[in-house]
There are 2 protein chains.
Amino acid sequence: MKTVGIIAEFNPFHNGHAYLIEKARELTNADHVIVVMSGNFVQRGAPAFMDKFTRTAIALENNVDLVLELPVCYSMSSAAYFATGAVATLDKLNVVDYLCFGCENDNLDLLNLIADIIIDEDECYSEALQSYLKTGMSFSRSRENAIIKSLSLRGVNMSSDELSLIISSPNSILAIEYIISIRKSGSKMVPVPIKRLDKGYHSSDLDGHFASASAIRKLFGGKSIFTFNNVKETLSDIVPANCMELLENEYKKTYPIVSDDFSPLVGNELIKARYNNTETNNLFDITDDLANRISNLSGSYEAFDSFVNTCNSSIFTSSRISRILFYLLFNYTKDDYFTFKDEGYVYYFRVLGFNKAHNSLLTEIKTNSDIPLITKISNAFSVLSENGKRMLSINMMADEIYRLVSIDKYNFSIPKEQQYGVIIKDE
Amino acid sequence: MKTVGIIAEFNPFHNGHAYLIEKARELTNADHVIVVMSGNFVQRGAPAFMDKFTRTAIALENNVDLVLELPVCYSMSSAAYFATGAVATLDKLNVVDYLCFGCENDNLDLLNLIADIIIDEDECYSEALQSYLKTGMSFSRSRENAIIKSLSLRGVNMSSDELSLIISSPNSILAIEYIISIRKSGSKMVPVPIKRLDKGYHSSDLDGHFASASAIRKLFGGKSIFTFNNVKETLSDIVPANCMELLENEYKKTYPIVSDDFSPLVGNELIKARYNNTETNNLFDITDDLANRISNLSGSYEAFDSFVNTCNSSIFTSSRISRILFYLLFNYTKDDYFTFKDEGYVYYFRVLGFNKAHNSLLTEIKTNSDIPLITKISNAFSVLSENGKRMLSINMMADEIYRLVSIDKYNFSIPKEQQYGVIIKDE
């Protein structure tokens, strides 16, 4: 029995995701597909466009056999932390043979070489990285340039434009981080890059069979859209037909949810921090400089997105600032992260959904891993350590806030986190 | 030079308020009218329907010469605390001769007698109060019944139905509390009740020249209203003509604001209190029982109003629960209140607006009172004691949150609290 793991957001699910799942099965000849999926908050520091239960239901319809939730502590963090948490989750299941991921480039040798450069901190790379950072360039851009420099010294026969294209796309950055995480953790999972057919991450192109998730989100955000019918035709070309009914049913009941729906909530935290002189430099992934910057500008806060635009700079990206504003809302601290890291990153596997035909996979996980599989939130706290409870609490707080924002936006009541069972697909 | 004080919410301003101001001038022959007006949060535990600056501008158009803000610590509290704070504010100006208030009944002897019964805690009243409370009746209802019992023993020649009508209306309750506060503080202000011509507090009747503020708020809340034109004709009968343009301009820019606009914010506080095991029994005006009740029910929270309905009981009124939910949002504690009380309730007079023709009134206040007049928020902190700063901070936090909620609701940018100057009417 072979199992392949995929790390995903499905925010929302589209034909590119369906292709990835199909290819992953085909290339690895796997019997089971497990997806570790971001919960209600995603990597670029935003609420998920669509809640995790809807996305799980769609994934199960599209040949995913088991969906586990990537805790918010990792799902909404920069590429390296995201990859570390997600790879650790798949690895500790002790049943996953392959990790498949979409990538602009499926040259595993090249990806491995780049991972080597970063892990080994080769001299040329390290020096170049430092010198780019000193110019005030952001970390990700500095790293990209340092990698290109180091690759060209090693005689990689590609133009720096070509390399830049491969290295700088968000998917490639994640792909490299997955490989680094596998290598660093000593995982036996085999990385399998799959060349993406869909449009790039940032593409807003909606023509043809493949479109990026961000293009789909944009489609819903257009001011002229008042009914689902306005997007129905375009959408049916770029998402699997089996999603359409669910997407139509849930529209303006549970989605779309966007960052600005959290504007007063995040603003309230900034107001409180200001009046109570709360230290914010203990939040995860913040520096003293960034804490000061946010604090100094917080008086001008009116709404989430515009404030992020006010705060960002060549050093501090919009995504990073967005994430930190949510960490402030959830009070996710450096101490939290380093405790989790010290204890191996993973305290539980939260099952969001599974295909009953692959029930044996759950049994196999229970046999192979000591880490508890959580199928019912209300029972979870009794089996977790203090730090495990803390990780779950941050997630549940985030989920409860997401739910209230959704109810407030659409005036549509949805079950509480504790009332959702696992979504079971029974063919 | 005579000055009359009025305590008001003007939420929103209507012909009944204009009548009260006119009568107050007429009965007292006063040269100046000062209004102590609730800021952005009102007595029944709700955000003001219309922000304080708009209400100030309207008041100045309607023969109010000076508008001072009643701090949120008093403006959003039960009748006794509300009255104490407002009367102390007027009294400490050291320029106010009369306190005029609207009341279902303008029999000052009767109002004084009721105040006597309460202040002196006459035996019959105290025993009756205790026995009603023991039946599980709310405090206000128990007190009303005890007063009626005590009055009838003193031979007050009115049916208990008539008395109940006089005592139980929110305006009469406040009237009695004003008299009690004047008496207890030893103020020299002379109470002047003015019989209300407008419809009762809770009346939703919109016929004729007078309507209650709640009826007007309801008019705007109707689901069928999409443009100001729908309410224009009805409104022009019940509010002064000089408001109409401002009301039309501000509609769906800064008002209406309702409790449910604060749903996610208050829900977020309840979620945090639950996950962090925060003590909530130190909030102002809460009992351990009520803290437990709110905490136990908080898991079912979806929106503000529905949660208040879930929590209320014969003992704990909706208004009280609403207020406490906002105290939780602003972190206004028992300690805060008792510190303020110990220090005499009033740290500053915040000027919201004045009529330039009555400039001399400001000079007179500066001459007669040691308490600073605040006309510019940014300068205020330097002249206040620690506890004065705390009172102003609670108010400013509340204002900043109100502003963010308003911007979020109408996507219309409004100045920050610090950017508003005093509104000056220059005829």
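The side chain of A:S138 reaches the backbone nitrogen of A:R141 at 3.3 Å. This is a predicted model. A:S138 sits in the loop between α6 (123-134) and α7 (139-153) of chain A. With a relative accessible area of 9%, A:S138 is buried, because the cut-off for buried is under 20%. Leaving aside residues up to four places away in sequence, A:S138 touches A:L133, A:S314, A:I315 and A:T317.

B:S169 is placed between α8 and α9 of chain B. B:S169 counts as buried, at 11% relative accessibility. The side chains of B:S169 and B:E104 are joined by a polar contact of 2.7 Å.

**Helix α8 of chain B**

Helix α8 of chain B spans residues 160-168, and its buried residues are B:L163, B:I166 and B:I167. Why do they lie on the same side of α8(B)? They cover an arc of only 90 degrees around the axis, which puts them on one and the same side of α8(B). An α-helix has 3.6 residues a turn, so residues three or four places apart point the same way. On the other side of α8(B), B:D161 and B:L165 are exposed.

**Helix α2 of chain B**

Helix α2 of chain B, residues 52-61, is mostly covered. How many of its ten residues are buried? Nine are. The buried set runs through B:K52, B:F53, B:T54, B:R55, B:T56, B:A57, B:I58, B:A59 and B:L60. Strands and helices of chain B both take part in the cover. Among the covering elements are the strands β2 (32-38), β5 (66-70), β8 (349-355) and β10 (423-425).

The N-terminal end of α2(B) is capped by B:D51. A side-chain oxygen of B:D51 lies 2.8 Å from the backbone nitrogen of B:F53. Just after α2(B), B:N63 takes a positive phi of about 70 degrees.

**The interface of chains A and B**

In the interface, 31 residues of chain B are in contact with 31 residues of chain A. The size of an interface is often given as the accessible area lost when the parts come together. Chain B and chain A bury about 2,600 Å² between them. Carbon and sulfur atoms account for 56% of that area. Which three residues supply more of the area that chain B buries against chain A than any other three? They are B:Y275, B:E302 and B:L404, with 26%.

The rule finds six salt bridges across the interface. One joins the side chains of A:R403 and B:E302, at 2.7 Å from N to O. Polar contacts link 16 residue pairs between chain B and chain A, with both residues at pLDDT 80 or more. On the side of chain B that touches chain A, the elements giving two or more residues are α13 (263-275), α16 (318-330) and α20 (386-410). By class, this side of chain B has 14 nonpolar, eight polar and nine charged residues.

**Selected atom distances**

| Pair | Kind | Distance |
|---|---|---|
| A:S138 and A:R141 | side chain to backbone nitrogen | 3.3 Å |
| B:S169 and B:E104 | side chain to side chain | 2.7 Å |
| B:D51 and B:F53 | side-chain oxygen to backbone nitrogen | 2.8 Å |
| A:R403 and B:E302 | salt bridge, N to O | 2.7 Å |

Notes: Residues numbered from 1 in each chain as written. Chains lettered and ligands numbered in written order. Heavy atoms only, no water. Contact = heavy atoms within 4.5 Å. Buried area = accessible area lost by both parts, 1.4 Å probe. Salt bridge = Lys/Arg side-chain N within 4 Å of Asp/Glu carboxyl O. Polar contact = N/O pair within 3.5 Å; in protein donor to acceptor, adjacent residues only side chain to side chain. Helix = DSSP H or I, 4+ residues; strand = E, 2+ residues; numbered from the N terminus. Nonpolar A, V, L, I, M, F, W, Y, C, P; charged D, E, K, R; others polar. Buried < 20%, exposed > 50% of the residue type's maximum accessible area, 1.4 Å probe, protein only. Arc of directions from axis to C-beta.
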